[in-house]
Structures are given as structure tokens and as C-alpha cells.
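Subject: Handover of a structure and summary of findings

Dear colleague,

Please find the structure below, handed over for your records. A summary of the findings comes after it.

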Amino acid sequence: MSDCGNDRIKAVSVSTKNIEIDVLLPLYLKTLTYSVPQEMKDAVKVGVRVIIPLGNKKMYSGIVIGIREDANSVNAGFEIKDIIGVIDETPVITGPQLELWKWIAGYYMCTLGEVMKAALPAYLKLESQTTIALNRTVYSDLPEDAGLDDTDRQIIGSLLDKQISMDGLSKTINKKNILPNIKKLLDAGIVIIEEELINSYRSKYQSFISLHPGIDSERKLDETLASLEKARKQKQLLLKYTEIASPLDFAHPLEIPKKELLDKSGVSESVYRMCEEKEIFISAKKIINRLKNGTVAQKDLPELSPAQQTAFESLKTADKPVLLHGITSSGKTEIYIRLIDCMLKENRQVLYLLPEIALTTQIIDRLRMVFGSRVGVYHSSFSDAERTEVYHNLLKSKDGEERGVEIILGVRSSLLLPFDNLGLIIVDEEHENTYKQYDPAPRYNARDAAVILGKIHGAKVVLGSATPSLESYCNATQGKYGLVRLTERYGKAILPKIWTVDMRRAYAKKKVVSGFSESLLNAIKAALSRNEQVILFQNRRGFSPFVQCNDCGHVAKCRHCDVSLTYHKYNSALTCHYCGYSIPMPSVCPACNSSSIKTKGFGTEKIEDELSLLIPEARIERLDLDSTKSKFAYSRILYNFEAHTVDILIGTQMITKGLDFGNVSLVGIMNADNLLNFPDFRAYERSFQLMSQVAGRAGRKDRQGEVIIQTAVPENPVIRQVVNHDYISFFDTQIDERRIFNYPPFCRLVILSIKHTNQDLVRAAGDILKTALVKIFGKDVAGPEPPPVGRIQNKYILNFRIKLKKNSNLNQWKYLMNNAFIQLKSDKKYAGIIIVADVDPA
């Protein structure tokens, strides 16, 4: 078996005739074994992709993760199929990357193939059913000497009129192994794959201008300038070109971006076209790298306050993961920038993790102002081709190419990229539950996996938060992590004043209008009168959580899930937020035909609607999942709010995560009770974190902000701790309760879910599995019981809760659990039962 070092996985020397390889596929499968034909043995290396047959009809590309020589004895009695071809010359994964994949698969109870599927862009997971289409923009500009062979041209010819799957292409041109040709055409941008079509992706082009070949000397240039005496604008354009391109190289004239030249010369497109007709210039369209953003560093490193400098020095010298506990607006980002600079000076890579795509909008600008184009971004809003460019860019250095991106800013999936020299991992807002992947597998927590990745690379790991998770703070107090505190805001900023409105009394005194207490409404108007901005937090999107008939009490529910439908006014529809099922808003009750149908409760959409009636002069924007579906919606909304073209920003928890707006003086929390009453052992922890974080958006510069919390239980201890900015008291209270009831961090929690469309079958399977699990875990297993939403997408669900001792052998317990699953599903009756294990649920 090959070795995985700290660099790109190296080739394994192969000399014998009988060669077998272990191939990893992006499927719910273990690795599969294939043999290597003699003519391909020198091309096979650990980490490269190979084309393999799967079944009788399908082809896949998989990654070689092991090579064996003379291995016939291992598979005696089995026919080992040959691979069809080798796609890559060099590995597409690194040793540390594969090591992390294996840890995730083992710890989070999933297959290595599921980790691979999550880690690789679709471009690197070609299969026989992948749909291929011609990129007509590139094809129309193909030169005669494009370097295409006969197979390439056959493929292009087959795609002129339609999109075809790779399997169909193979049959159309009657050639078995076409993946290398497809890879070549994809690299050139001539064809595009299915996911790119979904995202309407096209290669990014830019027009470049250079001197016409006929102007090949100073004499010819002078003659041309003389001929333009009466064409002032055309002469102006040519002179500007010579100025930018100086000194001129007539043999290899400089290509200048067309837009740049026209802008700098102050002439129009029509002037350029006249020059082109006179054979003064020629233009060419070229594919440009999206990672080469052209941003030039414009700022020096930030100056640190004495408190920040002390924290920075502690982090710089730490020899283990460190929790940076800094209150809101304490300047954690400035410290991160200093740490990044230290790593770049050591020629090491940096991974900067954020919990939400929305946060990358602000942070990327701050980082690029200091580090320029050395910063790259990686998240799911980018097309697959854009993510692939980032992926390949990280692989370049081992091939002797210049690396353009050294800092990756991204969400949890960026943890799985092919780093080879990682020096620093920053997990900002480490407490956020969005670092946890839910569906599909792997159900990993990027915060915890980052600590493992740091250990693999020997990299520093910094976990930052104003409201750390109980697990991280407990690790810090026990010495497993270092602990660095920032207890003061940066500059002259002071913590906001927080006060509560007792909604029971407000309703009794009739001082509530459309969900707004009189106190909150007056505070909003006062802030606007001072030309200040307001943030309103409601952790529920849509217009109304449900609609109900006032006569018979009927509530519209999802056909496929056990949950009520949420009303969305913008499209007048009732929608399920679990499966997407949607129906038009009924005009009469389907149960009694009454027209008395009313919306109940309120979401962000209703708050926006009501506030526009209460304060019509206010400019209002909404930040939630519904308003940010397009690629640049986050950026647009945040830019508008930062530019103060928006007065009031209403949002869900998206607005609680580290955003920095200097003119926000008021934050309103519309309904704190929804957070506190959620049926989960982490409800109080999440409530404290969300309320404290959104409160921290107020008064971040030189004046004190104000926060108003609307609640029916102002005496609740969590709310009092938020009001007093008292994290330590909150931690002490909650950690004692966790210890008493044996919840994380004092145990390892595993939630086992069983699912099927037949409820009786789920119940019967639950009884069988309960017997097996009790034999293994005894009283440490609870269930089966339905979750709060007991049916999703027509599948009934039962959960088991298993508490494992912290110092127990996890691998042994997981092995026993897997055996119980296998035994259950060995009965054909239960073969269709879906079993999902969620380790360390967030």
C-alpha cells in the first residue's frame, strides 16, 4: 500500500505484471479493486483519477488510493475487471487531504466515498451519466490549430445539435474510453458539464487589443499616426496604447484589456472599430482565470491596541489550538490579519473559515485590501467551474507553477480542499451550528475537523467567538485548548445598553401594534430621526408560520411532512420549509368552506410588510433565505445597508454572524421566547449566542448602541445574562446542568435515525434495533421516539439517543453499532430501512 506524506501523494513504483489498485468512488460504497493493464502501469499513481467500469453499463472516474503488486491471492476466486484508462498525469488529492477524509469517515460513521463526493467539485467526478454540452462561445472562436485530434472533433460534431450523456457520446462515436478527451475539452472550455448548465456557467472572457501585425516598426507607427491627423479620437486611442505598452515590442505587441484601453483613452467603442477597420489594432477574446481578481493591496497591516497586541503575541506563540474569546467589536479580525501575515512570510497557506456565505462579502474586502489577489474564496454559491479553479490552484505549487492564492476564505466545505502546506486555520464565530453538516453525509463538524486538520499539517488553529460553544470553552478551561481573552471593544466603542420589554404587560395595556411594542416602535423612529440605522431580528422567515380557519380551526399542513405550511406573501403561496411542497393560498377553508382564514404569528416578510405601513418613509430591506437566493443577493443587500441606502435591515440569524456596520444604533429582537422554548438541550445556549451576537451589531464605533428584547419572560436567567453581557455566569450555569444530566461535553452523543415510508415497518424496526442497542449500551440508549417533526418527505422517523462515555473506545462502539445495523437489514423485510448516524449533533 502506498504512503501518504505531507506533500502531494507521490507515485508508487510498479514493476510487476499483476497490479491491482483500490479505487475510491463518490458513492455510498467501500473502495473497489481493479486490475491495471500492462500498458497503463506506468501511468497509475496513488491520487490520480482512473476510468473504471461499474456494472455492465456505467463508467465512473475514481481516485486510486492504494496499489498492490502480485495481489491475486487477495481476490482469489473473483474476477477483477481492468480499468479503462488513466485521466490525470499528477494526483488530484494530497496526502494530508486523504488523511482528513479517512478521519471524517471513521469518526462520523460514513463511507470514504461520501466524503470524496462532498470534497470534490463535480468537474472531478465524471461519470457515464454526466451530461455534456458544447460551449458555443468558445467553439465559435476556435482557431484552426486548436490541437484537436479526430476523437475530439467527433465529440464536438456529436454535440452540435444536442446535449448528450458521456455514456451516449461513447456509443455515438463508437469509442469506449473518451474521458481523457472529455477532460481535454473541458480544460479548454470547449464543452461544459451538467452542473455548469444548471448554474448557467460560461467561461469568463475578456477582449484584449494589440497592434496590427502590419505595424511592425517605428516607421510604420509614425506613418499611421500621420494618417490620423484629421481623426483626433483615433489618434488619441493609438497614442494611449503606445504610452501603456511602452517600450514597444513590434514582434510581440502587448495585449491590453479592451475596456481598460478605452476607459483610459476616453474614446468609445465605435472609435475602436474604425481603427480596427483601418488595420491599426486587432482584438482577441481570451478565457481569463477568475482567481486572478487583480485586486492590489492598498492598506498596511492594522495597528493593534495594547489589548490586541497582547492577544496577538499569545496566539503567535501558542503550541496548541487556542480559543480567542473576544467580546463583540473587540477587533478579532485585525488580530487574524496579523497572524495571516506571519504565515505568508513563512510561505505557508491559510484557511479562514466562516459559518455563512454572507460573511464572506465583508471579510473578503477587508482581506484583499491588505493581501490583494493572494486571497481566494470557496463556497457553494460559486459555480462548479469556479470551485474547480480554486481546487486546481491549490494543487499548482507541487507542479512547479506559481500559486496565485495562498489564503482561502470559505465555509465548511473549504476544509476539504487539497492544502499541502497549511500553516494557520482560523475558525471565526466557532460557536455557530452551521459549521455542522446535516444532510447528506458526511455529517461532520468543520470546527472539530479543523482541529484535526491542524494536527495533520502542524498548523496553528484559532477558534474565535464572542460567545464560545460550551464544548470549546470547557476544553479551554481544562487546558486542552489555550484561552486568550479580549474583554474590551476596540477604540472608543462601548457595549450596547440592553433592556427588555415585557410583552405580557404590553399586550394587556394594548401597547402592541403588529408585533411591535410601543417602546420598540418609538425607539426605531427616534433612531431614524437621527439618521441612524436599525437591525430587527426574527428567527423565522416567511410572512406567517401558519394559516388557520377561524371557524373550524383547520391548519394547512404539508402533504409529505408532519408540519404546517408557512405563508409567503411575495408569491401568495403556502410552502413547506422541509420538502418544498407548495400550494396557492386558499381563499376558503378546505375543511368547512369558510372564508375566515387568518395568518398566525409573524416572520421576516410580515415584519417588513407591517413596518412599511407603520413607518412608510423608511427604506427597508430583508436578509433571509428567501431574499438571498441569487448569487450576488448577499453582497447587494449588505452593500446597500453599508452605503446607507437602507435604513432598516430585517433578518433571520444571518444578521447575527459577525457583520460590522458603523451606523447601526438600535437592534430589536422581535421574539426571544421562540428561541428559548425550542425542544433541544442546546436551546438556552443557542438563545444566548443569537441574542448576544445580534446585540453586538449595535453601537460598534464611537457611541453606545441600544438593544430592545421583546419577551414574555424578562425574568428568564438567560435573558438576564444577555442583558448583563455575562458569558461567564451563563457558562457556569449551563455547564453544571450538562454535568448533572450527562450531556455534551461530558459525553459523546450519537443520534440514530431510522426512516421509511411505512410507519408500521419503522416501528417494528425500532423495536428490533432497541433490543440490540440495549445489549450494547444498556441504560445509555434512549428511544426510539419521533423527533419534533416525525415525518419528512413521506418518510416516518424514529430516533435513538446514545450517550457514550468520553474516554470510551469510540471505534469499538461504532463497530458494534454497525453490526446491529447489518443484522437488522439482513432481514429482507427491513432491507429498505434507512439508518442515519449523526455523531456529535449540533
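The notes that follow go from the whole chain to a sheet, a helix and a single residue.

This is a predicted model, in which local features need pLDDT of at least 70 and side-chain atom pairs count only at pLDDT 80 or more, while totals for chains, interfaces and linings use all residues. Residues are numbered from 1 along each chain as its sequence is written, and side-chain values use heavy atoms, with hydrogens and water left out.

Whole chain. The chain holds 27 helices and 36 strands; these are DSSP runs numbered from the N terminus, with helices being H or I of at least four residues and strands E of at least two. Its radius of gyration is 30 Å, close to the 28 Å that the globule rule gives for 842 residues, so the chain is as compact as a globular protein of that length. The radius is taken over C-alpha atoms, and the rule is 2.2 Å times the number of residues to the power 0.38. The C-alpha trace spans about 90 × 80 × 65 Å along its principal axes.

Sheet. Six strands form an open sheet in the order β19-β31-β30-β22-β29-β28, with parallel pairing; two strands pair if DSSP finds at least two bridges between them. The edge strands, each pairing on one side only, are β19 (497-502) and β28 (620-623). Four bridges join β28 to the parallel strand β29 (residues 648-651), where L649 stands opposite E621.

Helix α23. This helix covers residues 683-695 and reaches 18 Å from its first C-alpha to its last, close to the expected 18 Å, which is 1.5 Å times one less than its number of residues. Eleven of its 13 residues are buried, among them F688, L690 and M691.

Residue S35. Strand β2 (residues 32-35) contains S35, which counts as buried because its relative accessibility is 13%. The side chains of S35 and D82 are joined by a polar contact of 2.3 Å; the term denotes a pair of N or O atoms within 3.5 Å, where within protein one must be able to donate a hydrogen and the other to accept it, and residues adjacent in sequence count only if both atoms are side-chain atoms. Leaving aside neighbours within four places in sequence, S35 is in contact (heavy atoms within 4.5 Å) with I19, E20, I80, K81, D82 and I83.

Yours sincerely

Note on methods. Buried < 20%, exposed > 50% of the residue type's maximum accessible area, 1.4 Å probe, protein only.
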